[in-house]
Amino acid sequence: MGRYTIRRLLHFIPVLLGTMFILHYLQTLSFQISGNPIRSLFGDRQPPQETIDALTRAFGLDDPCLDQPGNPCIGMYFERLGRYAQGDFGTDFNRQDVLDLITRAAPITVRLTLLALLFEAIIGITAGVLAGLRKDRFVDNFVRLSTVLLISVPVFVLGVLLQILTGLYIGNWVRDLGAPPWVEAIFSVTYQADHPWASLVVPGFVLGGLSLGFIARLTRTSLIETLRSDYVRSARAKGLSNRRVVGVHALRNSLIPVVTYIGIDVGALMGGALVTEGIFNIPGIGGLTFGAVRQGETPVVIAVATLLTMVFLVASLLVDLLYAVLDPRIRYE
Amino acid sequence: MSTSAETMTMGDPDRAATRRKDPLAGLGFDESAPLLQVRDLQVEFHTREGVAHAVNGVDFEVHAGQTLGILGESGCGKSVTSQAIMGILDVPPAKIAGGQVILQGVDLLKLPESSRRQVRGNRIGMVFQDALSSLNPVFSVGWQLAEQFRMHWGYSKGDAKKEAARLLDLVGIPDAKNRVDDFPHQFSGGMRQRVMIAMALALDPVLLIADEPTTALDVTVQAQIMRLLEEMQQERNMGLILITHDMGVVADVADQICVMYAGKVVERADVVSIYDAPAHPYTKALLESIPRVDMKGTKLASIEGLPPNLTKLPPGCSFHPRCGYAKDVCRVDEPPLYEVAPGRRSACHFYEEVLSS
Amino acid sequence: MSDNVSTVELEDASAQDKGAATGSLWSDARKQLFRSPVFVVALLIVLVVISWAAFPSLWTNTSPEHCVLMENRQPPGNGHIFGTTVLGCDMYTHVIYGARPSIVIAVLVTGATALVGGGLGILSGYYGGWTDTIISRLTDVVLGLPFILGALVFLALLQQQNIWTVMFVLIVLGWTSMMRIVRGTVIALRDQDFVEAARAMGAKNSWIIFKHILPNALSPIIVLSTLYVGTYVAAEATLTFLGVGLQPPAISWGILIAEGQGLAVSGLPHLLVFPSVALILTVLSFIMLGDSLRDALDPRGR
């Protein structure tokens with residue numbers, strides 16, 4: 001197990017560095033092609049050249065390599081890595097520390113993602129197991145139909161539709177009934193800071209919706225296949241009860257691909273979080289990124305992207321390790 | 001291998017006292033009755049192309065301490081028969097359409113599923129062909145062995161684990177105590193098969209069914225496994241049903257042989273008679289198709305044609321399209337199991353001709 | 001892993017008896033597909049949407065530019081079956097014309113990713129060794145960027161938003177999943193006996209790849225491509241909705257939905273419903289199509 005862990009780590013580090021390099025290269029490329037972004041900050045006004053130069057120096061954008069399109073600016077890359085390692089992610093164009101901004105926005109996104117994970121795991125796996133056990137019967141067909149719908153509806157459409165449905169129609173109805181405030185918060189159209197969990201319920205479901213569909217289908221397929229396997233036949237031949245054969249022998253094996261999928265899904269969730277936060281106006285990392293994108297604040301965008309990528313890669317690493325715990329065969333590869 | 005002194009304790013009467021519960025007490029098993037009697041067993045499969053008669057009226061008996069070999073090609077119904085005895089067929093698409101499976105006087109087919117389940121693994125043990133896929137890959141072998149003791153007999157985890165280690169040692173796994181926590185993929189093919197045998201024998205069954213136990217193994221390992229099965233059977237006075245398509249493997253170990261074709265028993269005899277002088281064209285053809293060293297340079301004998309479609313069996317004798325002895329009556333009249341000699345039967349109208357050629 | 005051995009044996013036996021009835025994988029698949037109502041309906045919808053993209057004038061006489069500002073935000077009725085958009089254009093016409101960029105982008109991107117991803121997957125899977133290591137690492141690095149995030153970053157940095165940049169971004173980020181799966185398939189194929197046999201007969205690598213590996217890898221590629229078209233339609237709509245994809249005056253479902261989102265709250269649900277349904281049906285149909293294909297081509301499912 002130890003050797004396996006080390007091998008995964010050795011694999012992880014170059015990939016992390018490589019991905020960060022791509023982000024870095026994209027940024028330098030965009031500067032090289034589109035010119036100095038500082039200038040665009042001022043809109044129509046034309047500040048004196050010294051101001052522009054001073055700001056350019058302050059943001060570390062005066063490196064000559066930025067005048068050569070295509071130059072990967074390796075020096076800048078390592079310098080940036082060094083800064084990141086010290087926790088310095090720079091500032092945005094309003095001189096606010098990026099790391100600060102991120103730390104303030106992160107908890108909200110974390111809550112949102114956790115809710116999404118809970119929804120997709122609990123509902124997804126339950127639905128998948130039920131469908132797999134009652135193959136071709138009503139439950140199975142219902143689950144297959146509803147998951148296909150969940151998968152086909154793009155996240156933003158689902159979000160928009162649910163927002164209208166729950167926020168407007170059900171929300172008004174609930175408010176007219178005079179329900180307690182936390183119930184109202186669940187059906188509110190946007191995020192409410194004094195109900196940090198309740199108001200994230202619907203967005204959490206939207207975020208997890210797509211994955212819920214995949215997880216249910218994956219669980220179902222995996223369970224059906226496992227139930228046909230030879231070792232399940234052996235378990236039956238041992239005279240074990242059906243509950244034990246399915247619940248212990250079949251389930252454990254069939255959940256392995258599902259658990260790994262959930263781990264990998266963290267990356268997709270982060271992308272979806274951007275969209276969901278945009279729709280529901282949630283001031284998390286997604287909201288932060290949006291604002292930055294709209295205002296062309298590339299340092300913020302790059303910093304957020306880098307951080308999220310790191311989170312994603314760490315999650316993948318943990319999933320790989322978890323996989324080895326669940327499936328002993330992997331440890332000896 | 002453990003010494004015989006140790007092994008003697010396995011089937012020993014003191015053991016019965018340490019069993020915390022025997023769920024089979026109320027079912028009326030009669031130890032003086034014949035061990036297993038299968039009468040006119042019929043199993044159908046409902047497929048897209050029609051109803052396949054996988055087992056079409058099979059009769060045989062197994063006695064304590066005796067080994068019955070069931071021989072036949074793929075698709076002849078031998079595995080389905082054994083699975084019907086165990087009660088692990090997928091119903092649907094399978095359906096037990098008739099017959100009796102009488103274990104020590106009790107017709108298993110008439111028992112409710114809950115009782116059948118208690119019999120499985122407890123009174124009848126089963127060993128499958130591919131141990132790698134037949135053992136659960138994510139649990140240790142010790143855990144899988146111990147499970148039997150915990151679930152059927154209510155043993156504690158500690159006691160069950162001790163039994164598991166004992167079993168592993170019994171079947172010849174070296175360093176059994178330390179290998180209890182190992183996983184199936186950490187064993188070699190032959191060792192894994194021993195583990196499966198241990199699992200089947202865990203609760204001292206009176207009958208052991210081995211479905212192609214050596215097909216997936218090397219020849220030398222095959223011999224070891226067969227010897228192990230033989231030993232276990234004799235020590236416990238178990239009945240053993242050995243299912244295979246390999247005539248060589250079964251010759252050593254079996255007392256009686258049943259040859260199956262297209263869901264029916266076509267010949268049934270003691271092992272010596274069958275190998276010496278088969279009384280059915282199919283058995284004869286099977287024997288002749290085994291390549292022998294002294295046949296070097298001659299053409300390999302094979303049986304012409306293909307096994308029949310079980311949804312559309314040919315009329316009359318199912319084997320007639322491929323039979324060298326077939327005459328007109330074979331196309332029309334399905335042969336019953338004629339008595340060739342006391343204790344010997346053959347489902348061929350012309351068994352005398354086959355015997356004398 | 002084997003199923004109930006007896007059932008497989010039985011079906012084998014009946015298949016042998018049928019002889020000619022079991023033809024090639026494709027002809028069997030075709031028969032099974034057309035018997036499935038889901039497949040037929042999905043195929044019809046897909047064909048309809050494609051015809052919207054290719055021949056919009058067959059479906060509507062109104063020009064998409066014919067917009068009367070005074071008549072904006074009208075609910076259905078009065079000669080506008082779907083009502084009018086924010087700028088007073090006929091919603092029905094815009095839904096029809098909106099299909100074009102989505103379909104064009106999705107199809108082209110799918111084709112490109114199939115080529116790039118499939119090609120790299122075949123090379124990586126077949127040759128193994130350093131080729132595999134380099135290509136796989138590269139794939140991992142690109143995969144390290146979560147998709148929407150990467151697309152957002154890319155498009156923000158490119159600072160240009162049109163049909164070409166959107167396609168470029170989708171291709172650069174999307175080839176990885178195809179590559180992974182094709183690589184897995186090729187690795188399984190490469191170890192099979194018929195490849196060994198071909199090599200033993202002295203066939204060159206390029207021959208083996210084109211004649212043996214590629215035809216067998218084709219079915220997963222086709223199934224995945226069909227599924228991915230739906231995904232890319234959704235992806236483009238998402239990016240456009242977020243404001244980093246296509247921009248007005250381009251006509252796209254994403255834009256219509258974005259416009260509809262703000263205003264649906266004020267009692268104008270038609271602005272949202274019609275483009276949403278069009279988008280959902282399109283994506284759904286492609287996915288059902290891909291699903292049916294996969295089931296039909298799966299030899300184990302028989």
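Ser222(A) is buried, at a relative accessible area of 12%, where buried means under 20% relative accessible area, exposed over 50% and partly exposed in between, computed with a 1.4 Å probe on protein chains only. The model is predicted, so that local features need pLDDT of at least 70 and side-chain atom pairs count only at pLDDT 80 or more, whereas totals for chains, interfaces and linings use all residues. Residues are numbered from 1 along each chain as its sequence is written, chains are lettered from A and ligands numbered from 1 in the order in which they are written, and side-chain values use heavy atoms, with hydrogens and water left out.

Ser222(A) belongs to helix α9 (residues 201-227) of chain A; helices (H or I, at least four residues) and strands (E, at least two) are DSSP runs, numbered from the N terminus. Leaving aside residues up to four places away in sequence, Ser222(A) touches Ser254(A) and Pro257(A), a contact being heavy atoms within 4.5 Å. The secondary structure of chain A as a whole consists of 13 helices and zero strands. Of the 333 residues in chain A, 51% are buried. The C-alpha trace of chain A spans about 85 × 60 × 30 Å along its principal axes. Of the contacts in chain A between residues at least 6 apart in sequence, 72% join residues at least 24 apart.

Confidence was examined by chain with pLDDT, the predictor's confidence in each residue, from 0 to 100. Chain A has an average pLDDT of 80, and 91% of the residues score at least 70. Within chain A, the lowest confidence is found in helix α2 (residues 37-41), with a mean of 63, and the highest in helix α10 (residues 230-237), at 93. For chain B the average pLDDT is 85, with 93% of the residues at 70 or above. Residues 1-18 of chain B have a pLDDT below 50, and this stretch has 25 contacts in the model beyond near neighbours in sequence.

Chain C comprises 12 helices and zero strands. Buried residues account for 50% of its 302 residues. Among contacts in chain C with a separation of 6 or more, 70% are between residues 24 or more positions apart.

Two helix pairs of chain C are described here. Helix α3 (residues 37-54) and helix α5 (residues 91-127) of chain C have axes that come within 7 Å and cross at roughly 95 degrees; axes are lines fitted to C-alpha atoms, for helices over the stretch in contact, and angles run from 0 to 180 degrees between N-to-C directions. α3(C) is therefore roughly perpendicular to α5(C), given that angles under 35 degrees count as roughly parallel, over 145 as roughly antiparallel, 65 to 115 as roughly perpendicular and the rest as oblique. On the α3(C) side the contact is made by Val49(C), Trp52(C), Ala53(C) and Ala54(C), and on the α5(C) side by Val95(C), Ile96(C), Ala99(C), Arg100(C) and Ile103(C). By class, this contact of α3(C) with α5(C) has eight nonpolar residues, no polar residues and one charged residue, where Ala, Val, Leu, Ile, Met, Phe, Trp, Tyr, Cys and Pro count as nonpolar, Asp, Glu, Lys and Arg as charged, and the others, Gly among them, as polar.

In the other pair, helix α6 (residues 129-143) and helix α8 (residues 163-190) of chain C pack at an angle of about 135 degrees, their axes lying 9 Å apart. These two helices, α6(C) and α8(C), are therefore oblique to each other. Residues of α6(C) in the contact include Ile135(C), Leu138(C) and Val142(C), which meet residues of α8(C) including Val172(C), Trp175(C) and Met179(C). The contact of α6(C) with α8(C) has eight nonpolar, three polar and four charged residues.

In chain B, backbone geometry was considered at two positions. Most residues other than glycine have a negative phi, and most peptide bonds are trans. Asp40(B), not a glycine, has a positive phi of about 50 degrees. Asp40(B) lies in strand β1 (residues 36-47) of chain B and is partly exposed, with a relative accessible area of 37%. Gln104(B), likewise not a glycine, has a positive phi of about 45 degrees. Gln104(B) is in the loop between β4 (94-103) and β5 (106-107) of chain B and is buried, with a relative accessible area of 5%.

Asp252(B) lies in helix α11 (residues 247-253) of chain B and counts as exposed, at 69% relative accessibility. The C-alpha atoms of Asp252(B) and Glu230(B) are separated by 9.6 Å, the two residues being 22 residues apart along the chain.
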